[in-house]
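Good morning. I will go through one protein model today, element by element. Please have the viewer open.

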Amino acid sequence: MKEAPLSSCERAFILGALAEKRRLDGRQAYDYRELRIGFGVDRGGCHVQIGETRVLAQVSCEVLVPRQTRPNEGMLYINLELSPMACPTFEPGKLSEVGVEVNRALERCVRDSSCIDLESLCIVSGEKVWQIRVDVHVLNHEGNIMDTACIAAITALAHFRRPDVTVCGEDVTIHTAEEKSLVPLTVNHMPLSVTFSFFEQGFV
């Protein structure tokens, strides 16, 4: 289902409100939406709400063989889900152009910024590393998906704990939470996204 284009009257009304430095919800031009962050029972689960936009992020991990080009580094994978439950214009089973753009922006902001120390995820060089997966689910879309998803992803990563590992010769033991305390990820910094738009070439 494609999003319906704005009518001439709607466009004129929005531009008129912007010219008066007001938004449709009553905020001033530079007022940010209210931010709320909540955590689940399990480590790595985070719910973020900005205004009426709600995003759930869940972090998980598994042991995999590293990439041949980076034998000493673990992997960070980000997956974005946009369901019709969040917005009727989202199609089930595949990302729209907006979804692909947001997913790539998330990867650039979180993964490519090196906010997570991937070398600390190495268990045995060239053989075993941790892959950290971040599943980001948009629950309700009322604008500002990118900022909400970014905050949810990085907060969930900071909240996550992975199992501890013991390496003895060729033996690798992954301990349960009862055997050894879970280990937090090494977070180098907290990248955040702040989006904005220009209207009428910046004159509005």
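I start with a definition: helices (H or I, at least four residues) and strands (E, at least two) are DSSP runs, numbered from the N terminus. What you see is a predicted model, in which local features need pLDDT of at least 70 and side-chain atom pairs count only at pLDDT 80 or more, while totals for chains, interfaces and linings use all residues. Residues are numbered from 1 along each chain as its sequence is written, and side-chain values use heavy atoms, with hydrogens and water left out.

With that rule, Ile123 is found in strand β5. Is Ile123 buried or exposed? The terms have cut-offs: buried means under 20% relative accessible area, exposed means over 50%, and partly exposed is in between, with a 1.4 Å probe and protein chains only. Ile123 has a relative accessible area of 15%, so it counts as buried. Which residues does Ile123 touch, leaving out those up to four places away in sequence? They are Val63, Lys128, Val129, Trp130, Val165, Val167 and Val172, where contact means heavy atoms within 4.5 Å. Take Val63 from that list: Ile123 and Val63 are 60 residues apart in sequence, and their C-alpha atoms are 8.7 Å apart in space.

Now the whole protein. It has 3 helices and 10 strands. Read from the N terminus, the order of elements is α-β-β-β-β-α-β-β-α-β-β-β-β. The C-alpha atoms fill a box of roughly 70 × 30 × 30 Å along the principal axes. Of the 204 residues, 35% are buried. If you take contacts between residues at least 6 apart in sequence, 70% of them join residues at least 24 apart. The accessible surface is about 12,600 Å², and 52% of that belongs to carbon and sulfur atoms. These areas come from the Shrake-Rupley method with a 1.4 Å probe, and for residues only the protein chains shown count as cover.

Next, the inside. A nonpolar core is a set of buried Ala, Val, Leu, Ile, Met, Phe, Trp, Tyr and Cys residues joined through side-chain atoms within 4.5 Å. The largest one here has 42 residues, and those with the most contacts inside it are Leu76, Leu106, Ile132, Val134, Val136 and Leu157. At least two core residues come from each of β2 (45-50), β3 (53-64), β4 (75-82), α2 (97-111), β5 (122-124), β6 (128-140) and α3. Which element gives the largest share? That is α3, with 10 residues.

Helix α3 covers residues 145-159, which is 15 residues, and reaches 21 Å from its first C-alpha to its last, close to the 21 Å expected at 1.5 Å a residue. The expected span is 1.5 Å times one less than the number of residues. Why can we call α3 largely enclosed by the rest of the structure? Because 14 of its 15 residues are buried. Leu157, not counting residues up to four places away in sequence, touches Val59, Leu76, Val110, Ile116, Ile132, Val134 and Leu185.

For comparison, helix α1 (residues 8-19) has 12 residues and reaches 16 Å, close to the 16 Å expected. Just after α1, Lys21 takes a positive phi of about 60 degrees.

On to charges. A salt bridge is a side-chain nitrogen of Lys or Arg within 4 Å of a carboxyl oxygen of Asp or Glu. How many are there by this rule? The count is 5. One of them links Glu107 to Arg111, with the closest N and O atoms 3.7 Å apart. Both residues lie in helix α2, 4 residues apart, about one turn of the helix. Glu107 is buried at 19% relative accessible area, whereas Arg111 is partly exposed at 32%. Arg111 also forms a salt bridge with Asp112, at 3.2 Å, and Asp112 is partly exposed at 47%.

Another salt bridge joins Glu34 and Arg36, at 3.4 Å. Glu34 is exposed at 52%, and Arg36 is partly exposed at 47%.

Last, the surface. Leu35, Ile37 and Phe39 form a nonpolar patch with about 270 Å² of accessible area together. Patches are made of residues with over 30% relative accessible area and no salt bridge; like charges are joined within 9 Å, and nonpolar side chains (Val, Leu, Ile, Met, Phe, Trp, Tyr) within 5 Å. Ile37 is in strand β1 (residues 35-39), and at 40% relative accessible area it is partly exposed.
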